[in-house]
Amino acid sequence: MHSVDPTTESMIRSVLAYAENRLRLDPVPLDQGSRDPAELDAALAGLPGAEAHTPDQVLGVWASVMAPAVISADSPRFLGFIPAAPTKASLLFDMLISCASIQGISWLEAAGAIHAENKVLRLIADRAGMPETAGGCFVSGGSAGNLSALVVAREVAKRKAGPGVSGSGRRWRVAVSEDAHSSITNTLRICEMDPLVVRSEDHRLTGVGLRAALADGGDPGSVAAVVATSGTTNAGIIDDLAGVAEVAREHQLWFHVDGAYGGAGLFAPSVRARYDGIEHADSFIVDPHKWLFAPFDSAALLYRNPSVARSVHKQDASYLDVIHDRPGEWNPTDYAYHLTRRARGLPLWFSLSVYGVDAYTEAIETAIGLARQAADEIRSRSSLELVREPSLGVVLFRRAGWDAGQYTAWADRLLQDQVAFLPPSAWEGETVARFAFLHPHTSMDLVREILDRMD
Ligand SMILES: Cc1ncc(COP(=O)(O)O)c(C=O)c1O
């Protein structure tokens, strides 16, 4: 299994040929995600089993049955949830990382990988206007980033309150809007914290709303943090980051910005001003596997003051002293709840370096522009209505007279016919249609075809 024998040689040829073909598909097929488990089970009979199989036999099953049962994240027809659109360079470099199983745990083991990852973190921190001291690491996704950041926020609040208060079993709270991502709710549950739900203005968390919630919500001293979103998942709305930052400062709250989806807009001049205030964040996340065109899975997690995060997340053990007894060395493992980690920031580093940051700006602006054009198209059709002006790349709209079942049937048919993947969403309790544009090759022709199918 570990030597270069005839089986290895045959696998190198077959797997690389498969990867090459896949990388050259233009466009890639959308494929169908959901399948009857019995069908999948039948295809996988005996795989794995006690006996060996030839690589081509196993690869054949993967290519013919399993792979088509996964919707292609790199398809410009993927317009649901928050899409992904990894660049060719990022996909290729991800293969290289896998090939060498490159890790990014400690400087002692992986200085080269970590230094390159940190260059990307610095680039993002600069775009956000965070100070020179800012730093962090890449984690597996937005959920992991939000959890790691809010664990630090809670610990900081406990330390400020002192042992008397934190030892008394106080329940900490975090100010959130109703439109915060579900991973924030999950984080609060995991960390045994409660939400202080802030009434938003048109689904936007504001400084005014936060101030009112703190005044009306009782026991403001129990609020450890506030979470603002720079690009809500369902509608792409950017909260009033400057206003929220100001109130957070007044009340000494940890200010976390969840930019898992929309943080990439920092690279788009047409919307950059909407992010003003982000420079005050104590912690900030953005997912390269979303709008920074990297493969799954990757989230950049940045702290204004990384040493505080380190004091919370650093794992101590006799066998780890060797990585910590080296002053000045940067160990990504110290800045989130993980220990072992894949160097998952590297595909973005490679891709940014190959194409240049300007190409990213252009690609992000393309999705924003497409959302505006799609909105105009929707406005021009009498049976359709925009739910709201698009923010970033998301467009919510309704078809007059349709019920939930009709939206679902329309979306199912689009997928069945391999036109597009865009499951319906809901807005204020009503089922609506939703475009999430991200891939720079998604065309207005495709948008029109999708809308025509609502006639
Ligand atoms: C605003 C926001 N935060 C957090 C997340 C969670 O990110 P992940 O799915 O990478 O864990 C998402 C995912 O869509 C998101 O849109």
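Two strands are taken to pair if DSSP finds at least two bridges between them. Helices (H or I, at least four residues) and strands (E, at least two) are DSSP runs, numbered from the N terminus. The structure is a predicted model, in which local features need pLDDT of at least 70 and side-chain atom pairs count only at pLDDT 80 or more, while totals for chains, interfaces and linings use all residues. Residues are numbered from 1 along each chain as its sequence is written, and side-chain values use heavy atoms, with hydrogens and water left out.

The secondary structure of the protein comprises 15 helices and eleven strands. The radius of gyration (taken over C-alpha atoms) is 23 Å, close to the 23 Å given for 455 residues by the globule rule (2.2 Å times the number of residues to the power 0.38), so the protein is as compact as a globular protein of that length. The C-alpha trace spans about 65 × 65 × 45 Å along its principal axes.

Seven strands form an open sheet of mixed pairing, in the order β1-β7-β6-β5-β4-β2-β3. Strands β1 (135-139) and β3 (194-198) stand at the edges with a single partner strand each, so one side of each has no neighbour in the sheet. On average, neighbouring strands of this sheet are turned by 20 degrees against each other, direction ignored; the axes are lines fitted to C-alpha atoms. Within the sheet, β5 (residues 254-258) and β6 (residues 283-286) run parallel and are joined by three bridges. Val257 has Phe284 in β6 as its bridge partner.

A further open sheet consists of four strands in the order β8-β9-β11-β10, with antiparallel pairing. Its edge strands, β8 (384-386) and β10 (425-427), each pair on one side only. Strand β9 (residues 394-399) is joined to β11 (residues 430-436) by four bridges, and Val394 stands opposite Ala436 in β11.

The ligand is surrounded by 15 residues (a heavy atom within 4 Å), of which Gly142, Ser143, Thr233, Asp258 and Asp287 are the closest. Helix α6 (residues 142-166) contributes the most to this shell, with three residues. Polar contacts are pairs of N or O atoms within 3.5 Å. Polar side-chain atoms lie at 2.6 Å from a ligand oxygen atom for Ser143, at 2.8 Å for Thr233 and at 3.1 Å for Lys290. Taken alone the ligand exposes 390 Å² (Shrake-Rupley method, 1.4 Å probe), of which the protein buries 84%.

Note on methods: Polar contact = N/O pair within 3.5 Å; in protein donor to acceptor, adjacent residues only side chain to side chain. Axes fitted to C-alpha atoms, helices over the stretch in contact; angles between N-to-C directions.
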